[in-house]
Amino acid sequence: MKLRKEIEPDFETAEKNYPEVLKLILAYTDFIDENGDEDSIEYKKLENTLHEMTGKDMSQFNLWEWWEEEGAEVLAFRIALPDAQKVSNITKDELAEIVHRLQTFEYPEKDFDELSFQEQFSPYLDIRYYHPFLELNFKTYDYSKIFGQQKDKDKRQFWWSQEEIVEKLWNNGNY
């Protein structure tokens, strides 16, 4: 299901900003490899440039040790993608689609080189797009109580199904 434009991630802006964001991250890495950055002067310049470009708070991103996380490409995508916004009148079907996207990993059956920008980066929408979207738009959103591991009265572990997650968010979080 296609979501309304104001709910869908803004891949157009992300794709436009991505090459420059990636270039800046890699140039900073090259700079510190050659010169170091003991006083974090170059790091602050990078943060400011990326903030001016995207409007995002860069403190949420690890710009110096991206190689220990998901890599420069994913980091550049996460920075280039505009943040989720508060949206009015979300329907239950739209909520169900978002939960489905979070809970279902579907990767196109193509070679990586043949994938579109959106197809390459859709798997990375979870923590920096859809979860913040739910938190902004559903006052009862609580990651651990909805998406985390649960225990029943007999201490057996389980996870809520997609349908149960939708119901809990839609019905004001009756856990």
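A crossing of two helices is left-handed if the near helix is turned anticlockwise from the far one by less than a right angle, and right-handed if clockwise. By that convention, the crossing of α1 and α3 in this predicted model is right-handed.

**Overall make-up**

The protein has eight helices and two strands, arranged along the sequence as α-α-α-α-α-α-α-β-β-α. Its C-alpha trace spans about 55 × 35 × 35 Å along the principal axes. Of the 175 residues, 39% count as buried. Among contacts with a separation of 6 or more, 68% are between residues 24 or more positions apart.

**Helix pairs**

| Pair | Axes come within | Crossing angle | Handedness |
|---|---|---|---|
| α1 and α3 | 7 Å | roughly 130 degrees | right-handed |
| α4 and α6 | 11 Å | roughly 150 degrees | left-handed |

Angles over 145 degrees count as roughly antiparallel. The crossing at roughly 150 degrees therefore makes α4 roughly antiparallel to α6. Helices α1 and α3 are, by their angle, oblique to each other.

In the second pair, α4 contributes Leu95, Ile98, Arg101 and Leu102, and α6 contributes Asp126, Tyr130, His131, Phe133 and Leu134. The contact of α4 with α6 divides into six nonpolar, one polar and two charged residues.

The buried residues are Ala72, Val74, Leu75, Ala76, Phe77, Arg78, Ile79 and Ala80. They pack against α1, α2, α5 and α6.

Two of these α3 residues, Phe77 and Ile79, are also among those with the most contacts inside the largest nonpolar core, along with Leu134 and Leu169. That core has 47 residues. The elements that give two or more residues to it are α1, α2 (41-54), α3, α4 (92-103), α5 (117-121), α6 (126-137) and α8 (162-170). Helix α1 gives the most, with nine residues.

Which residues does leucine 169 touch, not counting those up to four places away in sequence? Its partners are Leu95, Val99, Leu134, Phe138, Thr140, Tyr141 and Ile146. Two of these partners, Leu95 and Leu134, also take part in the contact of α4 with α6.

**Two residues with positive phi**

Serine 40 has a positive phi of about 60 degrees although it is not a glycine. Serine 40 lies in the loop between α1 and α2. Is serine 40 buried or exposed? With a relative accessible area of 16%, serine 40 falls under the 20% cut-off and therefore counts as buried.

Lysine 155 is likewise not a glycine, and has a positive phi of about 70 degrees. Lysine 155 is found in the loop between β1 (150-151) and β2 (157-158). The relative accessibility of lysine 155 is 63%, over the 50% cut-off, so lysine 155 counts as exposed.

How values were computed
Residues are numbered from 1 along each chain as its sequence is written. This is a predicted model: local features need pLDDT of at least 70, side-chain atom pairs count only at pLDDT 80 or more; totals for chains, interfaces and linings use all residues. Side-chain values use heavy atoms; hydrogens and water are left out. Axes are lines fitted to C-alpha atoms, for helices over the stretch in contact, and angles run from 0 to 180 degrees between N-to-C directions. Helices (H or I, at least four residues) and strands (E, at least two) are DSSP runs, numbered from the N terminus. Angles under 35 degrees count as roughly parallel, over 145 as roughly antiparallel, 65 to 115 as roughly perpendicular and the rest as oblique. A nonpolar core is a set of buried Ala, Val, Leu, Ile, Met, Phe, Trp, Tyr and Cys residues joined through side-chain atoms within 4.5 Å. Buried means under 20% relative accessible area, exposed over 50%, partly exposed in between (1.4 Å probe, protein chains only). Contact means heavy atoms within 4.5 Å. Ala, Val, Leu, Ile, Met, Phe, Trp, Tyr, Cys and Pro count as nonpolar, Asp, Glu, Lys and Arg as charged, and the others, Gly among them, as polar.
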